[in-house]
Amino acid sequence: MVFQKAITISDKYDNEFENLTRSLYYDVLYSFTFKHYSSKYYIGEGKLEEIKNFIENNNVEVIIINGKLKSSQWYNLETYFKKRVIDKTMLILEIFADRAKTKEAKLEVELATLNYQLPLLKEWIHRAKIGEHPGFMAGGEYDIDQYYFHVQKRIKKIKEELEKVKIERKERRKNRLRKGYFLITIAGYTNSGKSQLMKTLSGEDVVVENRMFSTLVPRTSKIMNTKKKILITDTVGFIKDLPPLILEAFQATLEDIYNSDLIIFLIDGSDPFEIFKEKVEASLSILSGELTGKILPVINKIDKKIEDIENKKQYINDRISDPVLISAKTGENINLLLERIYSMLDYDREYDLEIDSNKNYMPLISFVYEYGEIIYYEIKDKIYLKFKINSRFDGTIKKYLNLL
């Protein structure tokens, strides 16, 4: 693994951005901050010479900007520094490309990357036509117009393939609904412990990594040690100022969140209070879409010493509802979490029946034994039956009753 020597440039120190750069293969030599913006270079021109001197004396290979560059600013910076320049959007795309393992994730990342490149290509075409630059992204001299046409064709093809994925996901959701399954989605800020909670609830061997965006494609499993038909899905982590083109590319993934019956909104309780609030608000801004289910806030990592936990609990209660406090790592309060899940899903529907003994009631009994819970069952002059069952099976139970 070869690390590229890099510098970062921000308008103020940003720990999350520094962690982003270090989560990929960059050796950050220095982090510059600046006070004044420039429409031409993004960075105030007074700072440019200082940065250029550092670059020349330290063999810097990549310059990473904590912000969104206009195509003209990006072009001007590369021309000025004669080095590769990327902004925050491109950095996140590179991280996603590194994490993408499935065909679907790779397509989503490629789509976002190509959409990101389009305005840059237009800038290069403009510069080439006025004789300022022959190539694109330090890739040598070739026909930019032809490449631009290729990118447009590729974007169209990827969108068609992802539309098929979207339809397949929709069919899977319908199939789960028919079979009586409820779907729970774990959502939240990146590195909040979603994969660990997935592992704890499902018992499956989920890889838990202490790095950003380790999950790009949802993983779905059943909750272990229960007859209840509940599936749980882990999703891509959120981040503040997540670029819209990335949200658009991952729309098929985000639909699992929007269409779930219950969203476990997982929050890292060990963060300092101000960062805690920032992450909550950033996540809620993404979760503000057309949700069909309910949100269950869960504060994670209580195994760590959290002195201001009551303040955080009150903040979440004011913003959403009363949170469950857990440690996904140690399993503390997982039973309390499960109780809240079952109650919020309105999972069980109770039936109290009297059935004529000459009726063929055994198919109903068999179905209830398999999918529900018998509370009372007695045979006298009539059959007295009381049971609880998944409310998704209301239609099935009515069909059995109509046959009696």
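Buried here means under 20% relative accessible area, with exposed set at over 50% and partly exposed in between (1.4 Å probe, protein chains only). Seven of the seven residues of E10 are buried, so the strand is largely enclosed by the rest of the structure. Strands (E, at least two residues) and helices (H or I, at least four) are DSSP runs, numbered from the N terminus.

The model is predicted: local features need pLDDT of at least 70, side-chain atom pairs count only at pLDDT 80 or more, and totals for chains, interfaces and linings use all residues. Residues are numbered from 1 along each chain as its sequence is written, and side-chain values use heavy atoms, with hydrogens and water left out.

Two strands pair if DSSP finds at least two bridges between them.

Next, show E10 with its two partners. On one side, strand E7 (residues 182-188) and strand E10 (residues 262-268) pair in the parallel sense over five bridges. Thr185 stands opposite Ile263 in E10, and the bridge partner of Ile186 in E10 is Ile264. With E11, E10 runs parallel and is joined by seven bridges. Ile263 stands opposite Ile295 in E11.

**Phe182**

Centre the view on Phe182, which is found in strand E7. Phe182 is buried, with a relative accessible area of 4%. Leaving aside neighbours within four places in sequence, Phe182 is in contact (heavy atoms within 4.5 Å) with Lys229, Ile230, Leu231, Asp261, Leu345, Tyr347, Asn390, Ser391 and Arg392.

**The three-stranded sheet**

Move to the open sheet of three strands, ordered E13-E15-E14 with antiparallel pairing. Its edge strands are strand E13 (348-356) and strand E14 (372-379), each of which pairs on one side only. The twist averages 10° from one strand to the next. E14 and strand E15 (residues 382-390) pair in the antiparallel sense over seven bridges.

H13 lies across E13, E14 and E15, running at about 140° to E14. H14 packs on the sheet too, touching E13 and E15, and its direction makes about 0° with that of E13.

The axes of helix H13 (residues 362-371) and helix H14 (residues 394-402) come within 9 Å and cross at roughly 160°. That makes H13 roughly antiparallel to H14; angles under 35 degrees count as roughly parallel, over 145 as roughly antiparallel, 65 to 115 as roughly perpendicular and the rest as oblique. Side chains to display are Pro363, Leu364, Phe367 and Val368 of H13, and Thr396, Ile397, Tyr400 and Leu401 of H14, which make the contact. By class, this contact of H13 with H14 has seven nonpolar, one polar and no charged residues. Ala, Val, Leu, Ile, Met, Phe, Trp, Tyr, Cys and Pro count as nonpolar, Asp, Glu, Lys and Arg as charged, and the others, Gly among them, as polar.

**Helices H2 and H3**

Finish with helix H2 (residues 45-58) and helix H3 (residues 71-81), whose axes come within 11 Å and cross at roughly 50°. H2 and H3 are therefore oblique to each other. Leu48, Glu49, Ile51, Lys52 and Ile55 in H2 meet Leu77, Tyr80 and Phe81 in H3. The contact of H2 with H3 has six nonpolar, no polar and two charged residues.

Terms used:
Axes are lines fitted to C-alpha atoms, for helices over the stretch in contact, and angles run from 0 to 180 degrees between N-to-C directions.
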